[in-house]
Amino acid sequence: MYRTRLKQTQRASRGQGREQGLKQRSLIKSPYSKKAEEKREQEKGGESLRLPFSGHRSIAEAAAEASADGYARLALQGSASAVVTASNEAATLPKVLFELGKLPLREIIVVLNGCTDGSFETVQRDPRVIRLSFPMRLGHDVGRAIGAAVATGDIILFMDGDLPLPAEELAPFLLAVDRGADVALNDISPFLPPFSRQDDVTRSKSYLNLSLGRPDLKANSMTAVPHAISRRALAATGTSALVVPPKAQAIAMVHGLNVCAPHSVNVLRGNRIRSGNTGAGNPVARLIIGDHIEALGEAMKIMGARLGTTRLSRSELAKARNVP
Amino acid sequence: MIRKRKNHVRPYRKKIARKKIVKRLTNHPDPLVSIIIPAMNEKTTLPAVLREAGRVHPRSETIVVANGSTDGTPKIAAKRGAKVIHSADPLGHDVGRSLGAQAAKGRVLLFIDADMVIPAKELRPFVEAVLTGTDVALNGYSGPVDRWDTHPVVVAKHVLNAWLARPDLQGASMTAVPHALSRRALDEVGPAALEVPPLAQAMAVVRGMKVRTAHTVSVGKLNPLRQKKGRTDLLASLVAGDHLQAVHWLIRERGPRGGYEDLGRLRDKVR
């Protein structure tokens, strides 16, 4: 039915997305490259600029550097917004914003919540930056939904304030959505251990994709950043569904939207270790498991409890299988 | 000195036609263990399966649920002393088990398949576990997991156990044989639930039954390869659906998040 048709188109676009992602990467110069480093040093008069990122340079500077570095070639058909959620991320947030500044984004929406470490002050005033600040913690992923509600772009890129990634690692997600994908996920499969050593969260992610007829997506999930969605996907899921990322993903898949994983960024390594997110059965793991149950429940509301898995009754199946 | 013994071959010896002694099962009048075996056209393996069943426990009864058989399976079962439930229509393993459970009189219900000969020695631990207080004694076999492209059914089994807060069960499932139930577990989940084994398992766990893996029998090697229709294994689709049905039940029982917390999300802040 629609699933098979969908798969074909998705497969096609997935392959394309990957190719383009690779192509794009070769176009864009790495900010880590020696040349870029030297140039920066020249501009700054040989000041101590050994780190690839600097928290004290403005977002406008990033854009200027980007055009000098060749980012201007990243021409998107549609407009793009980025949503960055942060809760006490003063140390990393400027780096995240600096890298985002290099991308052709219409706006960068920073959703700060429950910050007590001066994160708000670290976000520079810039015409492209929209600061939303909440005194209380909003909880996991709520900031993303609030940011998405404010965003005006055709493409919305989601990022976390604690995860500085170079702009070149983010561009493929924007591109994939610009070229027709509705949800462009981070392909984390190259970084996963074999099934026997995967945690329950990873297995839950795989199970959701399997149950919704997308085994090719493996454990890729909207729970992980970076990912980008199209305005069409946002309209289909509604902003409130983004509070529970797997739920938004399930709705997108059930509606037959083009979900793909065009690029791999290793976020498992760089994730900040907090008291709540380590060890089996930790509160965050339990939260994400709950999210996946909620996601399947949402899909079941539309497709029925068995999600259209069986086409034969048990009796017919027994007959079909029992060939002496 | 080496003594060489001549081979005495009698060229025209008539074969002695011994009458094959069919060792009949004895069904105890007041059984402690009921062994339930759904069978559909299994005349080749059934005698051996029944032989092993007869060796499991001295106070046992063996119930063969012969369904949709055209090869005389019910006759063979009856001849060997098993109690036979007959159905002309094919039922599938799960419905067969449910029917057998309804007819069972024992305190322990052991479920095995007719197409797989498992030695009695490998079956006794399941009975033993239930006799010593376990309600659901599962096979510890989890399927092949040391790989990346794990079979969807294996993933489903692991995930369901994890979602039921029993990751220690890994991929153990009532979908697989052998497994044994206590009379208490049967009464708690009801024989109808056995038609959807993962649902029965979810119910047993949620309702506080003692569910554990009793012994590991690598049934993967014993399972006969079935004809695959198209490229998708039909059974895989059925079992995947069964697991979803268990998740659906969990949602109805424990709420949309299956009883998992929201970790202080302020959902009302999003419009």
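Q: Which residue stands opposite A:Ala184 in E6(A)?
A: A:Ala228 does. Bear in mind that this is a predicted model.

Q: How do strands E5 and E6 of chain A pair, parallel or antiparallel?
A: Antiparallel, over 2 bridges. Strand E5 of chain A covers residues 183-186, and strand E6 of chain A covers residues 227-230.

Q: What's the strand order in the sheet of chain A?
A: The order is E3-E2-E1-E4-E6-E5-E7. These 7 strands make an open sheet with mixed pairing.

Q: And which are the edge strands?
A: E3 (129-134) and E7 (259-263) of chain A, each pairing on one side only. On average, neighbouring strands of the sheet are turned by 20 degrees against each other, direction ignored.

Q: Which strands does helix H4 of chain A lie across?
A: Helix H4 (residues 93-101) lies across E1 (80-86), E2 (107-113) and E4 (155-160) of chain A. The helix runs at about 175 degrees to E1(A).

Q: What about chain B, which domains is it divided into?
A: Domain 1 is 23-117, and domain 2 is 133-175 + 190-222 + 232-258. The contact between them takes 7 residues from domain 1 of chain B and 8 residues from domain 2 of chain B.

How values were computed: Residues are numbered from 1 along each chain as its sequence is written. Chains are lettered from A and ligands numbered from 1 in the order in which they are written. This is a predicted model: local features need pLDDT of at least 70, side-chain atom pairs count only at pLDDT 80 or more; totals for chains, interfaces and linings use all residues. Domain bounds come from an automatic or database domain assignment. Two residues are in contact if their C-beta atoms, placed from the backbone, lie within 7 Å. Two strands pair if DSSP finds at least two bridges between them. Helices (H or I, at least four residues) and strands (E, at least two) are DSSP runs, numbered from the N terminus. Axes are lines fitted to C-alpha atoms, for helices over the stretch in contact, and angles run from 0 to 180 degrees between N-to-C directions.
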